[in-house]
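This report is meant for someone meeting the structure for the first time. Please look at the sequence and the model below, and then read on.

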Amino acid sequence: MTSQVVDTTSRLIAKLQTLAPEQQLQVLDFVEFLVQKYPQPQQSLQKRVLGLNQGEIWMSDDFNNPLPDEFWGL
C-alpha cells in the first residue's frame, strides 16, 4: 500500500467517525454499490506447468481411428 492510500484511508475513517450512525450506514451502502459497479480485477491465475502430469495417463495408438459400425449398433 502506498502512503497516499494510507493517508486517504485515515482521512476517510476520521471523517466517517464524525457522522451519525444513520449517515454511516448510507456511506456503507454507497461503498457496497461502488464495489459491485467497479469489481476489482481478480488475481492472475497461476501459470500452467508443462509436463506436470507426464506419464500419468495413456492414449491408445488407434484413438483417432473411426469407431467400427458395431459400436454404433448398426
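Is Phe71 buried or exposed? Phe71 is exposed, because its relative accessible area is 53%, and exposed here means a value over 50%.

## The model and its confidence

The coordinates discussed here belong to a predicted model, and what follows should be read with that in mind. The mean pLDDT of the protein chain is 88, and 97% of its residues reach 70 or more. Among the elements of the chain, helix α1, which covers residues 3-17, has the lowest mean pLDDT, at 88, whereas α2 has the highest, at 95.

## Overall architecture

The secondary structure of the protein chain comes to 3 helices and 0 strands, and, read along the sequence, these elements follow the pattern α-α-α. Helix α1 spans residues 3-17, helix α2 spans residues 21-37, and α3 is formed by residues 69-72.

The protein chain has a radius of gyration of 29 Å, whereas a compact globule of 74 residues would have one near 11 Å. Taken along the principal axes, the box filled by the C-alpha atoms is roughly 80 × 35 × 15 Å. Of the 74 residues, 0% count as buried, and the chain exposes about 8300 Å², of which carbon and sulfur atoms supply 58%.

Thr9 lies in helix α1 and is partly exposed, because its relative accessible area is 36%. Between Thr9 and Asp29 there are 17 Å in space, C-alpha to C-alpha, and the two residues are 20 apart in sequence.

Gln24 has its place in helix α2, and with a relative accessibility of 31% this residue counts as partly exposed. The C-alpha atoms of Gln24 and Lys47 are separated by 42 Å, although the two residues are 23 apart along the chain.

Phe30 is also placed in helix α2, and its relative accessibility of 47% makes Phe30 partly exposed. Together with Phe33, Leu34 and Tyr38, Phe30 makes a nonpolar surface patch of about 410 Å².

## The loop between α2 and α3

Phe63 is found in the loop between α2 and α3, and at 54% relative accessibility Phe63 counts as exposed.

## Aromatic pairs

A pair of aromatic rings is described by the distance of the centres and the angle of the planes. In this model the count comes to 2 aromatic pairs. One of them joins Phe71 and Trp72, whose ring centres are 4.9 Å apart and whose planes stand at 90°, so the pair is edge-to-face; the angle needed for that label is over 60 degrees.

Methods: Residues are numbered from 1 along each chain as its sequence is written. This is a predicted model: local features need pLDDT of at least 70, side-chain atom pairs count only at pLDDT 80 or more; totals for chains, interfaces and linings use all residues. Side-chain values use heavy atoms; hydrogens and water are left out. Patches are made of residues with over 30% relative accessible area and no salt bridge: like charges are joined within 9 Å, nonpolar side chains (Val, Leu, Ile, Met, Phe, Trp, Tyr) within 5 Å. Accessible areas come from the Shrake-Rupley method with a 1.4 Å probe; for residues, only the protein chains shown count as cover. A salt bridge is a side-chain nitrogen of Lys or Arg within 4 Å of a carboxyl oxygen of Asp or Glu. Helices (H or I, at least four residues) and strands (E, at least two) are DSSP runs, numbered from the N terminus. Buried means under 20% relative accessible area, exposed over 50%, partly exposed in between (1.4 Å probe, protein chains only). Rings of Phe, Tyr and Trp (its six-membered ring) pair if their centres lie within 6.5 Å; planes under 30 degrees apart count as stacked, over 60 as edge-to-face and the rest as tilted. pLDDT is the predictor's confidence in each residue, from 0 to 100. The radius of gyration is taken over C-alpha atoms; the globule rule is 2.2 Å times the number of residues to the power 0.38.
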